[in-house]
Amino acid sequence: MACPFVHTIGKQHSVADSATWNLEDDLTDIPDDALSLTHLNAAIQLLTAPSNENINHAVKSVIKKYGDRWPELINLKIDTDSFSMFPNYDYLADIQDTLMAMDESAACEIVSLIGEELIETCCVGIIERAFKCLGGNLQEFLGSLDGVHDVLKLQEADISDTGFVCAGEGELIFTSERPVISWLLLGALRQLARILYQIDDVRIHLEPMEGDVKRYRYLFDVGASLSKRQVEIPVLKERKRGSVSAAAEDLKMNASTFCKAFPWHFVMNSNLELLQLGNGFNRLFRHSFNLYGRHATTYFRFKRPRGLSLNFQEIRRHTHTPFLLAIRSQVCRRDSTMTGLEIKGQMVYCDETNTLLFIGSPFIDGLEGLTCNGLFISDIPLHDATREVILVGEQARAQDGLRRRMDKLKSSIEEGNAAVTKERKKNVSLLQLIFPAEIAESLWGGATVEAETHPDVTMLFSDIVGFTSICSRATPIMVINMLESLYRDFDEFCGFFDVYKVETIGDAYCVASGLHRASNYDAHKVAWMALRMLEACTNHHTHDGEHIQMRIGLHTGTVLAGVVGRKMPRYCLFGHHVTIANKFESGSVARKTNVSPTTKEWLVKYPGFKFELLERDPSCLPKDYPNAGNSTCYFLTGYKHHEVAEDEPLDNHIKAAMKQINIELGRPTEASEPTE
């Protein structure tokens, strides 16, 4: 797999070179190819938990290189569909099962070769630089794996048991619940030795370790190359006058100065007895030696490395491993706050005295941890990076607190905006029940709505026959309940046919089509609504049990529409054709729909729609109907759709027609069914 980070960067400038250095300096100027903890994490992940994609690239390379040696390798799954479809798919387990079924004796060797190819294909660019930064030679590299992996697990809040322990010269212990990873790591380490440190003859022996946790020991046999740096540093072989000495007898400080410079150190002999303490430890333990003796395990609990045998030789073998010690409670006063204080550092073997030197620092990440353990910033030496860790930790906490407050404020604002938007939608929805959608939006925004002329608007006027007589025989509440039940059905018809309800005045119900959305089928929709209205009247009764009878008039013409009034504004229709439409309603009869000549022209204009129209006498036209000529009006008696059987109910014919229109207009074909 080609790594996208292929550029190199020059030597980084020290922060001490700048005139001022503030922890709050903007870090956005860091180059994209600058080495970071993220890249180091990606490098370590190649060893402990490689991705399916990376393994896939390695498997393809192994098949290409070793297909002649093991022809059955072609059976390994190399398609990538499962990776994208199933993100938790365990590709490596499938490979292991296939290899065990193919050749159990060669399975481990093939997995280790996959590990080699994994590094060969992925250890390039910045990932290679991330590996190189772990150490100048193979031994330093193995020693760094332990501490770096612990830090990365802490950063990622990883609670798994996977981990490294450098147990001595040329010895690495790896913990994992998956044996296949141990063999993959074997090949990966072998290839890293070749790529990073040019050790071609590296031999690594892998052996499982007994215990409750699955652990594996890697023993490296690379001769002198193990601790040999790639770039040799010249060493002074003999001391000359005025030259720098590294001999113990030439040390230019006494024990007191050393204990002051390194307050958190101790020296112990081969019996693990404390011989020397730094000032920090001395302040804690100086009154306890007479009571508890000098054995190191009396004062410290060795928390890391895990599973360490507490003897001199075993500890000496782990000098490349970070140590984490905790102060035992029995050696502290009851009121001491330092009980359980953790000290992190490393062991150094002193060959000249056959002793072990531990140098460490309190393992804390903030001022609260410092003060809770009875320590002060002055207890941390100036040269110790722990000071910066504490201060940076405090700054990070402050920034986290500010970020949390900002996130909370942002959430509150977003919730407020969502509530406002929700209420606005409610208000707009309410306006849209009274006005066309565009008019409602304009009114909500405070804009002035100009009156507009709309051609070819089809209007429907209706009233109840004998309404005055009905009101005289019923109470007002009876009349209201009757109209409410009837008009509820009519309102649902408006939604189904997508026509605009203009108004209701008493028993008069007026709708129009072609105002808010004009189309070629406005007259059709109003005509179908008229048929449904007359059909619905058969399901509604007056207070004395009689069927409600309506008369309806339809007319198509040009109208002027606009909003009138500021208090309780109304969207009104004006023009001569509005008056004519009303007269076609008054010229109709009970349970009939009177259709004007212009509306009839629209109903028959497009083929495929079979309206049943009964011609009336020309004298039935309103007297002031313009350009009457040979025109006449019609009764709309029914509708039949060519795709529906003749004996089907009217409702099925109308639904088929509406579906046809919606498909042609590109609208949803499933309109909500109006109830009756």
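Visitor: Leaving aside its neighbours within four places in sequence, which residues is Glu116 in contact with?
Guide: Glu116 is in contact with Gly187, Ala188, Arg190, Gln191 and Arg194, where contact means heavy atoms within 4.5 Å. This is a predicted model, in which local features need pLDDT of at least 70 and side-chain atom pairs count only at pLDDT 80 or more, while totals for chains, interfaces and linings use all residues. Residues are numbered from 1 along each chain as its sequence is written, and side-chain values use heavy atoms, with hydrogens and water left out.

Visitor: Where is Glu116 found, and is Glu116 buried or exposed?
Guide: Glu116 is found in helix H5 (residues 104–122). Helices (H or I, at least four residues) and strands (E, at least two) are DSSP runs, numbered from the N terminus. Glu116 counts as buried, at 9% relative accessibility; buried means under 20% relative accessible area, exposed over 50%, and partly exposed in between (1.4 Å probe, protein chains only).

Visitor: And the protein overall: how many helices and strands?
Guide: The secondary structure comes to 22 helices and 18 strands. Of the 676 residues, 43% count as buried. Among the contacts with a separation of 6 or more, 62% are accounted for by residues 24 or more positions apart.

Visitor: Turning to helix packing, at what angle do the axes of H19 and H22 cross?
Guide: The axes of H19 (residues 522–537) and H22 (residues 650–665) cross at roughly 160° and come within 11 Å. Axes are lines fitted to C-alpha atoms, for helices over the stretch in contact, and angles run from 0 to 180 degrees between N-to-C directions. H19 is therefore roughly antiparallel to H22, a term for angles over 145 degrees.

Visitor: Which residues make that contact?
Guide: H19 contributes Lys525, Trp528, Leu531, Arg532 and Glu535, and H22 contributes Leu650, Asp651, Ile654, Ala657, Met658 and Ile661. By class, this contact of H19 with H22 has seven nonpolar, no polar and four charged residues. Ala, Val, Leu, Ile, Met, Phe, Trp, Tyr, Cys and Pro count as nonpolar, Asp, Glu, Lys and Arg as charged, and the others, Gly among them, as polar.

Visitor: How do H2 and H4 pack?
Guide: H2 (residues 52–66) and H4 (residues 91–102) pack at an angle of about 35°, with their axes 9 Å apart. Asn52, Ile55, Asn56 and Val59 of H2 meet Tyr91, Leu92 and Ile95 of H4 in the contact. The residues of this contact of H2 with H4 divide into five nonpolar, two polar and no charged.

Visitor: New topic: how many disulfides?
Guide: The count comes to zero disulfides, a disulfide being a pair of cysteine sulfur atoms within 2.5 Å.

Visitor: What about Cys494?
Guide: The sulfur of Cys494 is 9.9 Å from the closest cysteine sulfur, in Cys510, again too far for a bond. Cys494 is buried, with a relative accessible area of 7%.

Visitor: Finally, the backbone: which residues does a cis peptide bond join?
Guide: A cis peptide bond joins Arg304 and Pro305, with omega about -5°. Pro305 lies in the loop between strand E7 (300–304) and helix H13 (312–317).

Visitor: What is phi of Asn354?
Guide: Phi of Asn354 is near 50°, a positive value in a residue other than glycine. Asn354 is in the loop between strand E9 (342–350) and strand E10 (355–362) and counts as partly exposed, at 35% relative accessibility.

Key
Parallel < 35°, antiparallel > 145°, perpendicular 65-115°, else oblique.
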